[in-house]
Amino acid sequence: MRKQALRATTALGTIVALTAMTACSTGTTPDAGGDLDPKADVTITIGDYPTADKPEERAAFDEQIELFEKANPNITLKPSTETWDAQTFQAKLAGGTLPTVMGVSLTYAHELISNNKVPDMTPYLEELDLVKDLNPLALKNVSDDSGKIYAIPTGLFSVGVAYNRELFEKAGLDPDAPPTTWDEVREDAKTISDKVPGVTGYAQMTKNNTGGWMLTTMTYSMGGSIQDDAGTKSVMGDATKQALQLLHDMRWEDNSMGEQFLYDQDAVRQDFAAGKIGIVLQAPDIYQPAIQTYGMDKDALGVGALPQANGTNGTLTGGTLKLFNVKASPNELLAAAKWIKFYEFQKYFDEADAVARAKSDQAAGNPVGIPGLPPVANDIDERYLGWIKDYIDVPREHFDGYITSTLPLIAEPPTATQQTYAALDPVVQKILTDENADIDAVLAEATTTVDGIIAQAGR
């Protein structure tokens, strides 16, 4: 995988270069200036509609539909509660039953593009004058080598380290100084476990693909990779071995990892919010479930940049892309792109809309101002944050290490990403449950498995 410095700051030259590149692309999709009819009557289905058990969220979504249709009277939106599900996605994609547009994990981008499962959206985004305002380096994750854009990246994140500020204080650690190296993580985890009875210093996710996901993240932070740049083979080596050795030593020598070694995302967030865990790898989106779902004090949550080893290497990036149905007509694709521009990006360009949405979120009890990677260029995001500053209720100062991070952002393994993660889950579980596990042997077996997954994917 290519190391891409997807940083909060974006260079003007990069934006200009990408815009020029997409302007020159010619794909199989009809040219936006020729075959499209922006005024044609069209009906499209839009996914991610809140379910009936979330009346406030559904009402807010309905309001956006009404505003959009009023501004675009030729477009009718049919909402669908279809959301991305890793277990059913591929079958529905093959069967052509997905909505015209919906959110899908960014991990599928390379696979979908290489297998011609998504339409070239470049002309539609150019028609809407949207390309130049998007985070140009994020677009690389949804583009091919010629610069054609096949999806719209939204909801971007990078992995950092979440820590409980209250537990840091109880253990005599500085809550404003989260660990920035893996040596510091080990030291802080042991301190917490030793000084705060019944608390796990550091927890690691290990199941439902999260074990492989976090092992990949640790590998990146130590200067290694899981697959090569083209996704043609496994390249797990010294960095992955170092990550596994660290987990082994924290578990068996320091006794700082507690007794639960089958965590997935939801379970680890629940225990973290309950004050049972001091440190865990997470993105800032842990805020909403930890605070709102599990009742954690918002002042107890801190998030810093991903700890590093062997120098400054980077962290894993991911998020959501808006997938467009390859079987949709050109006018449907343009209408779908218009909807995404309105629903996902209008707040970045219209101060009144930004303030209205912030007020709506606040009224619905949703947090305003959770830090993250902006899907737009940095100057546009800064302007947006200025517009809504009076409504931000998230203590962003507790995310300072994350917000100010300049770590390079590294894309996820390009081939069969989720299958690769699943294959690595038992590797992490083995190290944490078998003190005498042979790391070299375990890693060699995992390499063979991942190579087989890649071969089966046809890359």
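Mentor: Start with burial: a residue is buried under 20% relative accessible area, exposed over 50%, and partly exposed in between. Keep in mind that this is a predicted model. Arg 186 has 25% relative accessibility, so it counts as partly exposed.

Trainee: Which side chain does Arg 186 meet in a salt bridge?

Mentor: First the general idea: side chains of opposite charge can pair when their charged atoms come close. Here Arg 186 pairs with Asp 254, at 2.6 Å from N to O. Asp 254 sits in the loop between helix 10 and helix 11, and Arg 186 in helix 8, so this pair ties together parts that are 68 residues apart in sequence. Asp 254 is buried, because its relative accessible area is 10%.

Trainee: Asp 176 also forms a salt bridge with Arg 165. Is Asp 176 buried or exposed?

Mentor: Asp 176 counts as exposed, because its relative accessibility is 57%. Arg 165 counts as buried, at 12%. Their closest N and O atoms are 3.1 Å apart.

Trainee: How many salt bridges are there by this rule?

Mentor: The count comes to 14. Some link up: Asp 48, Lys 322 and Glu 344 form a network.

Trainee: What about Glu 412, which is buried yet has no salt bridge: how far away is the nearest side chain of opposite charge?

Mentor: That side chain is Arg 269, 13 Å away. Glu 412 does make a polar contact, though: its side chain meets the side chain of Tyr 421 at 2.7 Å.

Note on methods:
Residues are numbered from 1 along each chain as its sequence is written. This is a predicted model: local features need pLDDT of at least 70, side-chain atom pairs count only at pLDDT 80 or more; totals for chains, interfaces and linings use all residues. Side-chain values use heavy atoms; hydrogens and water are left out. Buried means under 20% relative accessible area, exposed over 50%, partly exposed in between (1.4 Å probe, protein chains only). Lys and Arg count as positive and Asp and Glu as negative; His and the chain ends are not counted. A salt bridge is a side-chain nitrogen of Lys or Arg within 4 Å of a carboxyl oxygen of Asp or Glu. A polar contact is a pair of N or O atoms within 3.5 Å; within protein, one must be able to donate a hydrogen and the other to accept it, and residues adjacent in sequence count only if both atoms are side-chain atoms. Helices (H or I, at least four residues) and strands (E, at least two) are DSSP runs, numbered from the N terminus.
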